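Keep the structure open beside them and look up each residue as you go.

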Amino acid sequence: YKHSKKNETNIKDDIELNVKTLILKSLKGNNGCLVLGKFRVLTKAHFNLIKLATKEFDKVLVCLVTSKDTKETEDLRLRMLEVALKQFGNKVQIVKHNNGNLLRIISNADFNINAVYAGSDRISDYEKQLKNMLGMKVKELNRTDEDISATKVIANINNEKYFNANTPKEIHFLYPDILKAYS
């Protein structure tokens, strides 16, 4: 390995630091992941993904992203997450952010993040954002035909039976508030 501005000792130091970093990230308790989204309505697909992440990782950071078009529903969306994810205790931490800047979100995390979950449509963007982060993985979410999007739930928001079938039971009591927000 050669570098135009580094001598052999500097290069060896860099390699040693990278190895130490990778080892530290792999130790029990240091394996966290990030799941982010607008979560306009928390669907069963979102919930099951987070549940899966709690089994695969030591900690899960769930980031509620709020943009101009979702500002009005931020409190409701946060409440959906808090109620549904309460069962995971301190294994899941919820934070809010005003955009999807992964580097900023990860740098402000209270624990080490080794992976970011992404839908197929976001893989390329996330990989570009994380290209210089040592040991960081982007894990693709594979949707099945049974995974209903928040967009579909909102399109059918007047159908409580449809809502209940496609959202976690923990948020069903919030249906009147969600109906009001999206009608």
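1. Let us begin with a question: is K38 buried, partly exposed or exposed? K38 has a relative accessible area of 33%, so it counts as partly exposed. Please bear in mind throughout that this is a predicted model.

2. Now look at the partner of K38. A salt bridge joins K38 to D69, with 3.7 Å between the closest N and O atoms. K38 sits in the loop between β1 (32-37) and α2, while D69 sits in the loop between β2 and α3 (74-85), so the pair ties together parts that are 31 residues apart in sequence. D69 is exposed because its relative accessibility is 60%.

3. Step back for the overall picture. The protein has 8 helices and 5 strands. Read from the N terminus, the order of its elements is α-β-α-β-α-β-α-β-α-β-α-α-α. Of its 183 residues, 39% count as buried. The accessible surface is about 11,300 Å², and carbon and sulfur atoms account for 49% of that. If you take the contacts between residues at least 6 apart in sequence, 68% of them join residues at least 24 apart.

4. Back to the charged side chains. The whole structure holds 6 salt bridges, and K71, E74 and K96 are linked in a network of them. Another of the salt bridges joins K169 and E170, at 3.5 Å from N to O. K169 is exposed because its relative accessible area is 63%.

5. Next come the aromatic rings. A pair of such rings is described by the distance of the centres and the angle of the planes. The search of the whole structure gives 3 aromatic pairs. One of them is F57 with Y117, an edge-to-face pair with 6.2 Å from centre to centre and 80° between the planes. F57 lies in the loop between α2 (44-56) and β2 (59-65), and Y117 lies in strand β4 (residues 113-119), so this pair links parts of the chain 60 residues apart. Both F57 and Y117 are buried.

6. Another aromatic pair is F163 with Y175, which is tilted: the centres are 4.9 Å apart and the planes make an angle of 50°. This pair links helix α7 (residues 160-166), which holds F163, to helix α8 (residues 175-182), which holds Y175; the two residues are 12 apart. Why do both count as buried? F163 does because its relative accessibility is 0%, and Y175 because its value is 6%.

7. With a relative accessible area of 6%, N114 is buried. The side chain of N114 makes a polar contact of 3.0 Å with the side chain of N31.

8. Finally, follow helix α2. This helix has 13 residues and spans 18 Å from its first C-alpha to its last, close to the 18 Å expected at 1.5 Å a residue. Which residues of α2 are buried? They are A45, H46, F47, L49, I50, A53 and T54. As you look at them, remember that an α-helix has 3.6 residues a turn, so residues three or four places apart point the same way.

Key
Residues are numbered from 1 along each chain as its sequence is written. This is a predicted model: local features need pLDDT of at least 70, side-chain atom pairs count only at pLDDT 80 or more; totals for chains, interfaces and linings use all residues. Side-chain values use heavy atoms; hydrogens and water are left out. Rings of Phe, Tyr and Trp (its six-membered ring) pair if their centres lie within 6.5 Å; planes under 30 degrees apart count as stacked, over 60 as edge-to-face and the rest as tilted. Helices (H or I, at least four residues) and strands (E, at least two) are DSSP runs, numbered from the N terminus. Buried means under 20% relative accessible area, exposed over 50%, partly exposed in between (1.4 Å probe, protein chains only). The expected span of a helix is 1.5 Å times one less than its number of residues. A polar contact is a pair of N or O atoms within 3.5 Å; within protein, one must be able to donate a hydrogen and the other to accept it, and residues adjacent in sequence count only if both atoms are side-chain atoms. Contact means heavy atoms within 4.5 Å. Accessible areas come from the Shrake-Rupley method with a 1.4 Å probe; for residues, only the protein chains shown count as cover. A salt bridge is a side-chain nitrogen of Lys or Arg within 4 Å of a carboxyl oxygen of Asp or Glu.
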